[in-house]
Amino acid sequence: MLQEQSDLSLIIAQIVQKLKGSNLYAQLERQAWASLQRPEIKLESLKEDIKEFFKTSGWEKKLQNAVYSELTVFPLPSHPAAPPEHLKEPLVYMRKAQGSWEKRILKSLNSMCTELSIPLARKRPVGEQKELLNKWNEMGTDEPDLSLFRPVYAPKDFLEVLINLRNPNYENGDSLSFRTHLGLIQVPLKVKDIPELKEFFVELGLTTGQLGIDDSTQVPPELFENEHVRIGHKVLAEQDSAAAQQYIRQGSPTALRAELWALILNISGQPEDVLYYEQLKTNVIQHDLLVDSLIYKDVKLTASNDDYYFVFEDYLYQVLLCFSRDTSVLGHFAYNSASPPKSYIRGKLGIEEYAVFYPPNGVIPFHGFSMYVAPLCFLYHEPSKLYQIFREMYVRFFFRLHSISSHPSGIVSLCLLFETLLQTYLPQLFYHLREIGAQPLRISFKWMVRAFSGYLATDQLLLLWDRILGYNSLEILADMFTQVLVYYGFSYYKHLCTSLRVDMDLLFFRVNT
């Protein structure tokens with residue numbers, strides 16, 4: 001009991017400390033001072049009167065949403081004596097594997113820099129700055145020569161690292177379970193089984209209506225859709241992040257999705273947020289980074305060749321280039337197993353006071369990175385709002401898909417969950433595929449790393465991402481893939497393997513089956 005109280009006190013103190021540095025805190029402070037001029041505020045009941053003013057004016061709800069937003073991303077409390085790196089990743093061998101992977105990425109980046117004789121960063125000449133500013137909204141028309149650039153790594157490279165991941169506390173002679181022995185992922189992590197998944201995804205049960213299924217043309221709208229839309233409008237009117245997150249577990253109506261996601265992510269689009277985006281844009285105009293070419297290359301290789309997303313090429317450049325300059329993204333490394341790469345001023349190699357994070361946000365883009373942004377372009381057409389939504393989605397969810405950790409939503413756990421479920425419910429299929437050298441994970445991995453972006457039709461993908469936000473978890477990525485295979489069997493798996501784009505009428509096949 002005392003430990004729980006201590007943990008709660010620690011969480012409260014850290015959230016308060018973080019909120020004190022936010023725009024909301026400054027706004028609340030201004031409103032509190034302004035309220036002193038109101039006649040209903042009495043000196044003898046000052047504290048209670050100001051609380052009542054915040055409640056009636058809507059500021060209390062904004063504060064509650066901010067606290068709830070922090071709680072959804074806040075790492076679980078650890079032992080007071082635990083070192084800081086345990087917040088990032090509690091398992092030592094995971095931290096070492098992530099560190100080795102980062103060194104490999106940096107080696108690839110530095111070798112490309114040396115081969116092409118291109119600096120990591122340079123200030124653009126004035127003429128180049130003006131040219132970029134003039135074509136900011138038409139960057140997709142530019143055709144720079146990117147033939148010499150290559151992605152730093154692709155999902156298949158990352159998969160090989162995960163396959164070779166081992167816990168040194170397990171000797172080769174230790175008896176491994178049958179399922180663990182068959183799969184590619186050979187680390188002993190706890191993942192949910194079917195009963196636990198049923199309990200966690202209870203709203204996906206057969207007795208609960210789902211957008212994407214129960215709003216189909218065969219089902220009269222008055223049975224589910226109309227009432228669900230009505231509740232959605234009520235949730236938006238209340239401006240309650242927790243209620244919105246619960247509501248969206250059954251899917252979001254298309255017309256309400258943009259507002260609901262912004263409410264869950266606590267994105268309000270304040271003028272200072274627009275100003276911050278413009279400052280990032282100015283940094284892009286003034287300085288050229290090597291990673292800019294990697295972003296251009298990735299967009300050209302992926303989204304520009306996609307039937308759904310090629311029209312958003314300009315938006316993708318704007319958002320990703322600004323994202324690479326955003327130092328606020330560095331904050332997520334407090335609970336990310338990865339560490340931001342460092343660079344040194346020329347001639348000062350190894351001297352920490354001359355070290356800087358490179359790129360400024362600490363994230364080196366890989367092949368397919370732009371596909372995290374592309375689906376959001378269907379929802380948000382104002383660049384600064386689009387940017388804020390993507391940044392929040394990344395620091396909450398997407399970073400876990402390309403870093404090595406033991407977190408339940410981390411890519412290692414997702415791979416293990418997928419293989420475990422598939423081996424349990426389709427053992428003959430799994431064994432046959434293993435025998436012919438076609439491990440299912442080698443095909444499904446790139447789907448999960450991209451959170452299915454580029455592999456599902458956009459309307460179905462957004463329904464999937466509804467549930468990611470609703471459950472604050474990426475586990476549904478592994479569960480959904482397995483449920484489809486269980487339902488359709490081997491013939492559908494062959495279709496998955498041979499088709500670039502999948503049309504799934506039963507995208508959210510219920511976990512109860």
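Arg122 is partly exposed, with a relative accessible area of 31%. In this predicted model, its side chain meets that of Glu128 in a salt bridge, with 2.9 Å between N and O.

Another salt bridge brings together the side chains of Arg442 and Glu160, at 2.6 Å from N to O. Arg442 sits in helix α20 (residues 440–449) and Glu160 in helix α8 (residues 155–163), so this pair ties together parts that are 282 residues apart in sequence. Arg442 is partly exposed at 41% relative accessibility, and Glu160 is partly exposed at 33%.

What about Arg257 and Asp466: are they buried or exposed? Both are buried. Arg257 and Asp466 form a salt bridge whose closest N and O atoms are 2.9 Å apart. Here again distant parts of the chain are linked, since Arg257 belongs to helix α13 (residues 257–264) and Asp466 to helix α21 (residues 458–471), 209 residues apart. Elsewhere, salt bridges that share partners join Arg122, Arg124, Glu128, Asp288, Asp292 and Arg325 into one network. The count for the structure comes to 18 salt bridges.

Now step back to the chain as a whole. It has 22 helices and 4 strands, and 51% of its 513 residues count as buried. Among contacts with a separation of 6 or more, 76% are between residues 24 or more positions apart. The accessible surface comes to about 25200 Å², and carbon and sulfur atoms account for 55% of that area.

Next, follow the chain to Asp326, in the loop between α16 (313–325) and β3 (342–344). Asp326 has a relative accessible area of 0%, so it is buried. Which side chains make polar contacts with that of Asp326? One is Tyr387, at 2.5 Å, and another is Arg391, at 2.8 Å. Leaving aside neighbours within four places in sequence, Asp326 is in contact with Tyr276, Leu280, Pro360, Asn361, Tyr387 and Arg391.

Cysteines deserve a look as well. Cys322 is buried, with 0% relative accessibility, and Cys377 is also buried at 0%. How many disulfides does a search of the whole structure find? The search finds 0.

For a view of the surface, turn to Leu43, in the loop between α2 (23–35) and α3 (46–57). Leu43 counts as exposed because its relative accessibility is 73%, and the cut-off for exposed is over 50%. Leu43 forms a nonpolar surface patch with Trp33, Leu36 and Leu46. Together these residues have about 450 Å² of accessible area.

A last stop is Gln14, in helix α1 (residues 2–20). Gln14 is partly exposed, at 37% relative accessibility. How far apart are Gln14 and Glu70 in sequence and in space? The two are 56 residues apart in sequence, and their C-alpha atoms are 9.8 Å apart in space.

Methods. Residues numbered from 1 in each chain as written. Predicted model: local features only at pLDDT ≥ 70, side-chain atom pairs only at ≥ 80, totals over all residues. Heavy atoms only, no water. Patch = residues over 30% accessible without salt bridge, like charges linked within 9 Å, V, L, I, M, F, W, Y side chains within 5 Å. Areas by Shrake-Rupley, 256 points an atom, 1.4 Å probe, with all protein chains shown as cover. Salt bridge = Lys/Arg side-chain N within 4 Å of Asp/Glu carboxyl O. Helix = DSSP H or I, 4+ residues; strand = E, 2+ residues; numbered from the N terminus. Buried < 20%, exposed > 50% of the residue type's maximum accessible area, 1.4 Å probe, protein only. Polar contact = N/O pair within 3.5 Å; in protein donor to acceptor, adjacent residues only side chain to side chain. Contact = heavy atoms within 4.5 Å. Disulfide = S-S within 2.5 Å.
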